[in-house]
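Hi everyone, thanks for coming. Please have a look at the sequence and the model on the screen, and then we will walk through a few places together.

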Amino acid sequence: MTEAVDRSEPLPDPDAVEHEHPDVTGGWLRPAVFGAMDGLVSNFALIMGVVGGTSANDTKPIVLAGLAGLAAGAFSMAAGEYTSVASQSEFALAQVEIEREEILRNKAGEEAELAVMFVEKGVDEDVAREVSAQIHRDPENAVRVHAREEFGVDVDDLASPMLAALSSFFAFGLGAIIPVLPYLLGVESPWTAIALSLIGLFACGAIVTRITARSWLFGGVRQLALGGAAAGLTYLVGDAVGGVIG
Ligand SMILES: [Zn+2]
């Protein structure tokens, strides 16, 4: 039995209605963890490549490569993310502009189009026509509703390219600093950097399972194996090349 809705009750104030849901795509956690994982894997591998190709007691090239790798990777990620998000919202805004012109040019057609969309959602035709007519009283409001209904764009909530760029810069940097940290603190043996990196890989892989719903042990071990393999193979490359050019 469903409870009857009491329509004599006034509707709540729109500002008081809680529309916030946890972001089902994982929100900031996904890009942050993947960015950090990317930074960790690439810089761990880079450093192991340099370790493989240089003499054991010379840490200067390792620190240099580690910091340059961090900066280069973080800038590259930030630039890539900026372009990606910026072009995505430029494309969305171009579609919104087309919709705006259409609404101004062909009001009747667009009003009918919106009414059909409401009918498809289960609204009676006369109500759908009335709602659509009221939405179209303000053309800008109509543009906003059409954009959301037709191509899922929230005009007031477009992603910021700058924010995306900054977050990926810091996420990558955070992961990339892990294998360099022991050297910066004066530890000369690569084993501390290796241990720290493997712990970081496991942690990243385990955290990602919060999104993928796999077991954290599986996620951690998988990431540890993949990142460890990347670093091991790059070590072999460094070792081989170092022997040739040394
Ligand atoms: Zn439309």
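Let me start with a question: in which helix does I103 lie? I103 lies in helix 2. A word on that term: helices are DSSP runs of H or I with at least four residues, strands are DSSP runs of E with at least two, and both are numbered from the N terminus.

Before going on, some ground rules. This is a predicted model, where local features need pLDDT of at least 70 and side-chain atom pairs count only at pLDDT 80 or more, while totals for chains, interfaces and linings use all residues. Residues are numbered from 1 along each chain as its sequence is written, and side-chain values use heavy atoms, with hydrogens and water left out.

Back to I103. Is this residue buried or exposed? I103 counts as buried because its relative accessibility is 4%; buried means under 20% relative accessible area, exposed means over 50%, and partly exposed is in between, using a 1.4 Å probe and protein chains only. From I103 to V153 there are 50 residues in sequence and 16 Å in space, C-alpha to C-alpha.

Two more spots of this kind. G52 has its place in helix 1, and with 9% relative accessibility G52 is buried. G52 and S215 are 163 residues apart in sequence, and their C-alpha atoms are 34 Å apart in space. A112 sits in helix 3, residues 107–120, and is partly exposed at 36%. Between A112 and A133, 21 residues apart along the chain, the C-alpha separation is 8.6 Å.

Now to the metal. Which residues coordinate the zinc ion? They are E99, E110, E113 and E150, each through OE, and H146 through ND1, at 1.8 to 2.4 Å. Donors here are N, O and S atoms within 2.8 Å of the metal (3.2 Å for Na, K and Ca), and water is not among the atoms, so sites may look incomplete. Along the sequence, the spacing of the donor residues reads E-x10-E-x2-E-x32-H-x3-E. Look at the end of that pattern: H146 and E150 are both in helix 5, residues 139–151, and they are 4 residues apart, about one turn of the helix. H146 is buried, at 0% relative accessibility, whereas E150 is partly exposed, at 32%.

Next, the aromatic rings. A pair of aromatic rings is described by the distance of the centres and the angle of the planes. Rings of Phe, Tyr and Trp (its six-membered ring) pair if their centres lie within 6.5 Å; planes under 30 degrees apart count as stacked, over 60 as edge-to-face and the rest as tilted. How many aromatic pairs does this rule give? The count is 3. One of them is F75 with F169, a tilted pair with 5.2 Å from centre to centre and 55° between the planes. F75 belongs to helix 2 (residues 60–105) and F169 to helix 6 (residues 161–184), so this pair ties together parts 94 residues apart in sequence. F75 is exposed, at 53%, and F169 is partly exposed, at 23%.

Why is the pair of F202 and W216 called edge-to-face? Because the planes of the two rings are at 90°, with the centres 6.1 Å apart. F202 is in helix 7 and W216 in helix 8, so the pair links parts that are 14 residues apart in sequence. F202 is partly exposed at 23%, while W216 is exposed at 53%. There is also one aromatic cluster formed by F75, F169 and F170.
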